[in-house]
Number of protein chains: 2
Amino acid sequence: MAIVTVERKVLQKNDQIACENRELFRKNGVFVVNLVSSPGSGKTSLLERTLEYFKGSLPVAVIEGDVQTDLDARRVAKYNVPTVQIVTNGGCHLEANLVRDALTNVDLRGIRLLFIENVGNLVCPSNYDLGEAMKIVVTSTTEGDDKPLKYPGMFQRASALIINKIDLLPYLNCDVKMLKRNALTINPSLKVFETSCTTKEGIAEWCSWLDSKLRK
Amino acid sequence: MAIVTVERKVLQKNDQIACENRELFRKNGVFVVNLVSSPGSGKTSLLERTLEYFKGSLPVAVIEGDVQTDLDARRVAKYNVPTVQIVTNGGCHLEANLVRDALTNVDLRGIRLLFIENVGNLVCPSNYDLGEAMKIVVTSTTEGDDKPLKYPGMFQRASALIINKIDLLPYLNCDVKMLKRNALTINPSLKVFETSCTTKEGIAEWCSWLDSKLRK
């Protein structure tokens with residue numbers, strides 16, 4: 001029982017800080033996307049393609065979350081956007097206070113879009129509000145079509161699902177129609193995109209949808 | 001600070017039950033493998049190929065751990081082995097007490113090999129001993145070659161690494177040599193296998209190694 005009580009307190013504390021983060025983002029006119037997925041679904045590659053798309057048209061910043069290393073931040077920084085790496089040192093998800101601390105290294109004035117790439121984990125990050133406008137869940141075709149049913153929390157809390165690595169479909173036993181059906185069973189209001197960061201298929205659709213959201 | 005204290009207590013309690021599980025396995029002569037990976041790396045497919053290999057020669061049982069659904073247990077049960085599904089209802093990893101409770105549904109007498117397929121999560125399950133003889137970490141080529149560096153805990157605690165989906169290598173930007181080098185940097189004593197559950201490449205090598213371990 002103790003762990004439940006403490007967890008609830010942790011979540012309450014997190015939600016309070018997330019609320020403060022959200023207010024800070026609103027004041028600065030920054031639209032914030034919390035990018036979540038399993039390890040290796042292609043969050044960073046998707047981010048790279050997305051940064052290419054918005055280059056020159058929209059000021060973007062990135063917060064990278066990883067258990068260890070700054071490999072992702074180094075990949076993203078090549079696109080000349082303000083980038084901060086959070087290393088959780090074993091922690092399985094980002095929390096609102098980590099984002100708040102990271103924000104002391106980003107000048108939000110003039111930024112219109114902030115991506116927070118969460119730790120690769122399809123379970124834990126779903127419970128932690130960071131102050132984002134929306135969670136985007138990425139799943140790759142190589143992970144199979146049953147993931148929304150097996151890890152429902154993340155799909156329930158996401159605004160959009162990006163089915164990545166569709167260029168590999170000819171070599172896989174993955175039924176994309178079934179994957180979509182499973183995802184929409186869990187969350188009927190989920191917007192679904194199919195992308196390949198290799199062929200760039202679907203990247204423009206995803207980015208223009210995101211663009212329309214942040215201009216609302 | 002409160003959460004740290006409670007977590008330590010939870011881990012101590014877990015280790016105590018894991019110790020009891022280990023003693024139970026020893027008494028019954030059961031070799032226990034804790035199978036861990038990201039969601040979609042192919043743990044269940046690997047288990048299916050492994051069950052095929054040992055069919056008729058070794059009595060095997062399986063405990064399946066999932067956040068939701070009994071999809072994996074249904075896949076495995078087709079191989080006519082005793083199978084128990086643990087549904088964690090949102091929990092991000094298996095704990096020793098869940099395994100202990102599941103064991104009330106398995107007659108360990110006569111079983112030589114027990115697989116525990118953990119929740120798909122490359123972070124949290126690494127901290128929880130279940131009483132197993134060894135952890136086996138599975139990573140798929142589609143996840144890229146940097147995962148051991150980014151999620152070191154799991155690779156440090158594993159006895160072997162199975163690099164799965166090697167049939168997809170021609171279509172990927174994944175350097176298997178680099179992946180191995182990264183894994184061995186994190187854990188130099190890691191035994192490494194390369195497998196494909198589609199072509200069955202490497203399955204016999206992995207299974208005969210496992211066979212040699214449990215006959216020691």
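The model is predicted, so I kept to its limits: local features need pLDDT of at least 70, side-chain atom pairs count only at pLDDT 80 or more, and totals for chains, interfaces and linings use all residues. Residues are numbered from 1 along each chain as its sequence is written, chains are lettered from A and ligands numbered from 1 in the order written, and side-chain values use heavy atoms, without hydrogens and water.

A:Cys174 is in no disulfide either, with the nearest cysteine sulfur, in A:Cys197, 16 Å away. I noted A:Cys124 as buried at 7% relative accessible area and A:Cys174 as buried at 13% (buried is under 20%, exposed over 50%, partly exposed in between; 1.4 Å probe, protein chains only).

Next, the strands (DSSP E runs of at least two residues; helices are H or I runs of at least four, both numbered from the N terminus). E2 (60–66) and E3 (83–87) of chain A run parallel, joined by 5 bridges (pairing takes at least two DSSP bridges). A:Val84, the bridge partner of A:Ile63, lies on the covered face of E3(A) with A:Ile86.

Of its 38 residues, A:Val137 and B:Val137 touch the most other members.

Notes: Core = buried A, V, L, I, M, F, W, Y, C linked by side-chain atoms within 4.5 Å. Disulfide = S-S within 2.5 Å.
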